[in-house]
Amino acid sequence: MTDLTLYRNIGIFAHVDAGKTTTTERILKLTGKIHKIGEVHDGAATTDFMDQEQERGITIQSAATTCFWNDHRLNIIDTPGHVDFTIEVYRSLKVLDGGVGVFCGSGGVEPQSETNWRYANESGVARIIYVNKLDRMGADFYRVTKQVEEVLGAVPLIMTLPIGIEENFSGVVDLLTRKAWVWDDSGDPMKYEIVDPPADMADKIEEYREKLIETALEQDDDAMEKYLEGEEPDLETIKRCIRTGTIDLAFFPTFCGSSFKNKGVQNVLDAVVDYLPNPTEVKPQPEVDLEGNETGEFAIVDPDGPLRALAFKIMDDRYGALTFTRIYTGTLAKGTNVLNTFTGKTERIGRIVEMHADSREELDKAQAGDIVAIVGMKNVQTGHTLADVKNPATLEPMVFPDPVISIAISPKDKGGSEKMGLALSKMVQEDPSFHVETDEESGETIIKGMGELHLDIKVDILKRTHDVDVEVGKPQVAYRETITKRIEDTYTHKKQTGGSGQFAKIEYVIEPAEVGTGFTFESKVTGGNVPREYWPAVEKGFKQSIENGVLAGYPCLDFQVTLMDGAFHAVDSSAVAFEIASKAAYRESMPKAGPQLLEPIMKIDVFTPEDHVGDVIGDLNRRRGMIQGQEAGVTGVRVKADAPLSEMFGYIGDLRTMTSGRGQFSMEFSHYAPCPSNVAEVVIAQAAEMKKAS
């Protein structure tokens with residue numbers, strides 16, 4: 001039985017240029033997982049300056065890698081560097097027990113770090129802070145810690161102080177032991193000495209050490225009382241208090257160093273072991289039943305409990321599809337069957353592997369607290385729960401909203417169609433909020449997603465990861481149609497010109513239904529005027545027609561058809577005749593039922609520094625946004641609004657301009673609402689033009 005107190009499931013969060021990849025690489029080197037640092041072209045420095053799009057987590061091709069430090073097992077999880085406002089960030093946070101927030105010594109707390117930090121706060125993940133790149137021009141450890149307080153509203157518990165700065169940065173002082181860790185200039189992280197700190201730092205060390213002890217002892221009244229009476233607590237007591245406060249998010253132990261120069265990373269690894277929680281110390285996951293209602297049960301970390309595991313990332317590599325899975329409770333064994341509660345189907349567990357940087361180790365079984373990859377699962381997607389077949393439960397109700405924006409793409413290289421198709425099918429598996437379809441009329445490939453940024457990133461992945469260059473069309477909004485009036489009508493389909501003919505007569509009512517009900521059908525025919533076996537054909541005819549609305553060809557929502565009466569012919573009537581009749585009835589009657597265009601309304605959550613709130617609200621009003629509320633926080637103001645998707649294109653650029661680069665926003669689909677008539681006229685006219693052109 002593995003001792004779970006020796007496990008740490010951690011993620012490394014960072015703004016794109018803070019050195020997350022370099023830090024991870026140094027951790028793997030120090031823990032003996034890779035032998036040559038920075039297997040990157042032209043030396044490791046290149047990993048520090050990767051483009052935003054390339055920075056998709058760590059360079060080692062895995063979503064989770066396992067390494068060991070001081071007899072503790074660290075599962076390091078790739079958290080996305082780029083917050084693309086889809087499910088991915090939340091999904092990663094869901095499987096973490098703790099995190100390391102990396103900040104750039106000269107850049108400080110940057111917009112992306114704010115966003116990552118906010119998401120981690122919402123998920124209640126304990127963190128330590130690592131201020132990196134102190135060898136850089138303009139680096140200032142004390143300024144960054146002040147920003148952590150002011151911008152993030154967090155309490156940094158300073159654990160180490162830098163010795164020297166910029167090109168003179170040589171090591172760190174550990175405040176708890178009052179010892180200096182000094183590295184030589186060889187660049188070898190193992191070549192360091194633990195010596196007495198420089199004499200000129202004595203006052204600063206005592207000042208910060210006192211602050212550290214006072215903040216830590218707030219977690220233990222007895223120790224605090226003794227301290228105030230002049231009794232210095234022992235090291236064990238201080239560390240215990242720091243651990244308690246870190247897990248309760250009261251403060252965040254803060255370290256400093258330069259990953260690129262291999263200085264200070266050991267202290268961060270020691271802190272991960274000493275202060276971040278093990279799997280048994282975090283709040284257990286609530287369980288829900290197959291309908292998505294909370295059962296009141298929790299997936300408590302227990303290897304002997306019923307299996308509960310969450311697939312949090314799907315990745316393709318040369319061995320096939322890897323499903324990265326966090327096991328919350330129970331044991332996962334090779335050769336057993338598990339239930340995928342999302343699909344309701346069982347799957348057999350073939351191979352279980354543990355990722356070790358660039359190699360992998362085959363396992364026979366894994367247990368609660370483990371993070372492993374399962375090879376070759378057929379129908380498991382991001383966010384699916386794997387559960388005990390006899391005792392099923394889901395770890396969270398998975399709600400994937402329908403995509404609201406689409407663009408047409410086509411390969412620049414004519415021979416690239418097949419390659420693009422394969423790449424897209426892999427991407428759909430990895431992200432359930434990303435859809436792909438082919439437009440039957442034009443033959444174009446349409447990709448659909450949750451917003452402009454989401455699709456930008458997908459196009460970028462196609463290019464960089466799959467080497468498929470595509471031409472991109474203009475973004476299209478997924479409008480819908482509905483009706484506003486009740487109408488009674490009749491339609492007769494008659495084709496009787498010798499031989500077997502076709503005859504079907506239907507009398508029906510079409511009326512608006514409640515929002516969200518889609519299309520419903522019922523029959524009130526009595527007396528056999530339309531025999532019962534033809535009712536499904538009538539329903540099918542209407543149902544197949546709803547994809548093409550009568551205004552602009554968009555799918556029609558929320559209406560009911562009631563079949564009231566009709567007539568049939570003993571020889572010439574058939575299911576096909578009634579289906580044709582109902583399709584024609586749809587085309588003829590819907591224009592009389594007050595058709596109306598609906599547009600997707602997005603729930604917008606804008607984060608802005610306080611001095612730009614007026615500009616942000618004014619701009620949202622111009623975009624037909626309805627402000628729903630404001631929340632002032634320590635780091636700025638969150639403005640919540642509902643706004644039509646069609647007005648939000650290009651918003652991120654405008655927001656950054658308005659807020660000097662500090663604004664962030666997330667956007668998700670909320671509901672459909674009637675289009676104002678001036679907007680509807682333009683959309684309908686465009687649809688008519690496109691129809692003419694095709």
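Student: In which helix does serine 545 lie?
Tutor: This is a predicted model, and the helix that spans residues 535–545 is the one to look at here. Serine 545 lies in helix α12.

Student: Is serine 545 buried or exposed, and why?
Tutor: A residue counts as buried when its relative accessible area is under 20%. Serine 545 has a relative accessibility of 11%, so it is classed as buried.

Student: Leaving aside neighbours within four places in sequence, which residues is serine 545 in contact with?
Tutor: Helix α13 covers residues 575–589 and packs on the sheet, where it touches β30, β31 and β33. Once the neighbours within four places in sequence are set aside, the contacts of serine 545 are with Lys583 and Tyr586.

Student: Across which strands does helix α12 lie?
Tutor: Helix α12 runs at about 155° to β32, and β33 comprises residues 559–567. The strands that helix α12 lies across are β31, β32 and β33.

Student: In what order do the four strands form the open sheet, and which strands stand at its edges?
Tutor: The sheet is open, its pairing is mixed, and the order of its four strands is β30-β31-β33-β32. Because the strands at the edges each have a single partner strand, one side of each is left without a neighbour in the sheet. From one strand to the next, the twist averages 25°. The edge strands are β30 (487–495) and β32 (519–523).

Student: Which residue in β31 is the bridge partner of isoleucine 487?
Tutor: Strand β30 and strand β31 (residues 502–512) run antiparallel and are joined by nine bridges. In β31, the bridge partner of isoleucine 487 is isoleucine 510.

Note on methods. Residues are numbered from 1 along each chain as its sequence is written. This is a predicted model: local features need pLDDT of at least 70, side-chain atom pairs count only at pLDDT 80 or more; totals for chains, interfaces and linings use all residues. Side-chain values use heavy atoms; hydrogens and water are left out. Two strands pair if DSSP finds at least two bridges between them. Helices (H or I, at least four residues) and strands (E, at least two) are DSSP runs, numbered from the N terminus. Axes are lines fitted to C-alpha atoms, for helices over the stretch in contact, and angles run from 0 to 180 degrees between N-to-C directions. Contact means heavy atoms within 4.5 Å. Buried means under 20% relative accessible area, exposed over 50%, partly exposed in between (1.4 Å probe, protein chains only).
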